[in-house]
Amino acid sequence: MSGDSRKLVMPQTPDSPTPYADAVERFARRESLRLNVPGHSASTSAAPQLSQYFGEHTLLLDVQPLVAGIDKGPDSPLVQSLELAAQAWGARRTWFLTNGASQANRMTALAVAQLGSSQDVVIAQRSAHSSFVDGMILGGITPCFIQPAIDTEHGINHGVSVENFAHAFSEQKNVKAAYVISPSYFGAVADIPALAQIAHEAGVPLIVDGAWGAHFGFHPEVPENPLRQGADILISSTHKLGGSLGQSAMLHLGNGEFSERLEPLIEGAFSLTQSTSASALLLASLDIARESLQHGSDQIGRSIGAAHRLREAVRQHPLLDVVSDGFSQFPDIVTHDPLHVSIDIRKLGRSGTDIREALMSQFDIYLEIATQSCIVAIVGPGMDFDSSELINALEALADPDKAEVGVISIASSLPTPGQMILSPREAFFSPRELISAEAAIGRVSADSLAAYPPGIPNVMPGELITAEVVTFLQSIATGPGGYVRGAANSEVTDFWVVADKPNK
């Protein structure tokens, strides 16, 4: 090992297309003696199994934070990469996150909690991800929920209509922020310009959970990026459809009238929630994903073509239908993301959750989500594949006896949430007791319970637990691939409730 090589000062590379990733790569190629954490020391002798599993170069890229020439200083490669990301999304500022869009949701909730008074409410789509509910608990936010449009035939939450959004503001005068989801888990896109106008006329910022739309705005055939449509904060789960590594995400702050006030609040929430040992691998993947999206329109076009071919194959099959072909009946949906391919499988004679599990176990085909009546394939940017592989597998899984008689009836309705009695924070931090599911009906939940995927809470802290919710959660938990986040046990036979039942 050369002593001189360890003393080299790595040059700044402002013209690099991926400044942070390139800086980490240069550091990895140096002959350095690492006597710090991570404890594997980027050494095959110190971590032979890790090196064999991931490859020696991966260990070399796993660089500790606060290194000159990488992430230290006001003009570091990391700062340059963040500025490039902000430019790409049209943001005032962008944050790289290593705990997913869940971290972005919690950060956002903690930031907007500081707007207005503690008595002011946040108007929020009731189908918000559980991580935003976590943020409401942490920040002490009192929500005013808007019910999304629900496709009861397929068991799908869509978005918030302009009419319902405006009505919520007419009913609530003490509002400090608004939160909506677009696109949905199934690719349905809301009318963000109209929603932003309503929020801004009321004097509050609009937050858009765009976790499933990291690629928006980077190809003419995909919807526009919500920041360019008036959103003030955009949550982007970059690892989903942006091409970065799992658990990496971004949060973007817009350039609107609220940006100057929001920026220090978001920065404070970032410091509170981000790891002090953020993974260089995840950060580098965000840098690379941004560059690929920004200059990879052809790759996105390739995946759009593959998704279109799959949809057409579904349309031509007598036992399958494209769910998004019926989106025009919902007033909250203005367009659809082409990279989400939702398939109605009811004519196969088996439930969507059963089909999804069988595809994994029997055919090594992995889909993103399933309801009782449909499945969803996600086509990542640059992905190309033969759609016949999935179609043939679905055909092989059909139950001929049930398929012969046509569409089978499968219950797909989502449970109606119970009445909110306490704020989520008050309920979560109240004394609690664990009781049976039967005894819990009519009691106030102390926890947030969400069927996964997609992770939308079916009952929140502070809401009454209903018989309908209990039945739904237990059916999900005991069904194929079922999982309920926050449940006291895997079969959801017990519930944590607020110990003292409040007067209703």
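**Figure 1. Ala-214 sits in the loop between β8 (206–209) and β9 (233–236).** Helices and strands here are DSSP runs numbered from the N terminus, with at least four residues (H or I) for a helix and at least two (E) for a strand. This is a predicted model, in which local features need pLDDT of at least 70 and side-chain atom pairs count only at pLDDT 80 or more, while totals for chains, interfaces and linings use all residues. Residues are numbered from 1 along each chain as its sequence is written, and side-chain values use heavy atoms, leaving out hydrogens and water. Is Ala-214 buried or exposed? Its relative accessibility is 0%, so Ala-214 counts as buried; buried means under 20% relative accessible area, exposed means over 50%, and partly exposed lies in between (1.4 Å probe, protein chains only). Leaving aside residues up to four places away in sequence, Ala-214 touches Trp-89, Ser-236, Ser-237, Thr-238, Leu-241, Gly-242 and Leu-293, where a contact means heavy atoms within 4.5 Å. Leu-234 is 20 residues from Ala-214 along the chain, and their C-alpha atoms are separated by 9.7 Å.

**Figure 2. The whole protein chain, for orientation, has 19 helices and 20 strands.** The radius of gyration is 24 Å, close to the 23 Å that the globule rule gives for 504 residues, so the protein chain is as compact as a globular protein of that length. That radius is taken over C-alpha atoms, and the rule is 2.2 Å times the number of residues to the power 0.38. Along the principal axes, the C-alpha atoms fill a box of roughly 75 × 55 × 45 Å. Of the 504 residues, 55% count as buried. Among contacts with a separation of 6 or more, 73% come from residues 24 or more positions apart. The protein chain exposes about 21200 Å², and carbon and sulfur atoms supply 50% of that area; accessible areas come from the Shrake-Rupley method with a 1.4 Å probe, and for residues only the protein chains shown count as cover.

**Figure 3. The largest nonpolar core holds 103 residues.** A nonpolar core is a set of buried Ala, Val, Leu, Ile, Met, Phe, Trp, Tyr and Cys residues joined through side-chain atoms within 4.5 Å. Which residues touch the most other members of this core? They are Ile-123, Phe-165, Phe-169, Leu-206 and Ile-266. Helix α6 (residues 100–112) gives the most to the core, with 7 residues. Another core lies apart from it, with 26 residues, among them Leu-319, Ile-355, Leu-359 and Ala-377. In soluble globular proteins, nonpolar side chains tend to be buried together. Looking in on Ile-123, you can find that it touches Cys-144, Ile-146, Phe-165, Ala-168, Phe-169, Val-175, Ala-177, Ala-178 and Tyr-179, not counting residues up to four places away in sequence.

**Figure 4. Ser-324 is placed in the loop between β11 (321–322) and β12 (335–336).** With a relative accessible area of 13%, Ser-324 is buried. Beyond residues up to four places away in sequence, Ser-324 touches Arg-311, His-336 and Ser-342.

**Figure 5. Arg-432 lies in strand β16 (residues 432–436).** Its relative accessibility is 30%, so Arg-432 counts as partly exposed. What does Arg-432 touch, not counting residues up to four places away in sequence? The partners are Ala-446, Asp-447, Trp-496, Val-497 and Ala-499. Ala-124 is 308 residues away from Arg-432 along the chain, and the C-alpha atoms of the two are separated by 26 Å.

Figure 6. A cis peptide bond joins Val-37 and Pro-38, with omega about 0°. Ala-42 also has its place in the loop between α2 and α3. Phi of Ala-42 is near 50°, a positive value in a residue other than glycine. At 12% relative accessibility, Ala-42 counts as buried.

**Figure 7. Pro-183 is found in the loop between β6 (175–181) and β7 (188–189).** The peptide bond leading from Ser-182 to Pro-183 is cis, and its omega is near 5°.

**Figure 8. Gln-247 lies in the loop between α10 (238–241) and β10 (249–253).** Phi of Gln-247 is near 85°, which is a positive value in a residue other than glycine. Is Gln-247 buried or partly exposed? Its relative accessibility is 42%, so Gln-247 counts as partly exposed.
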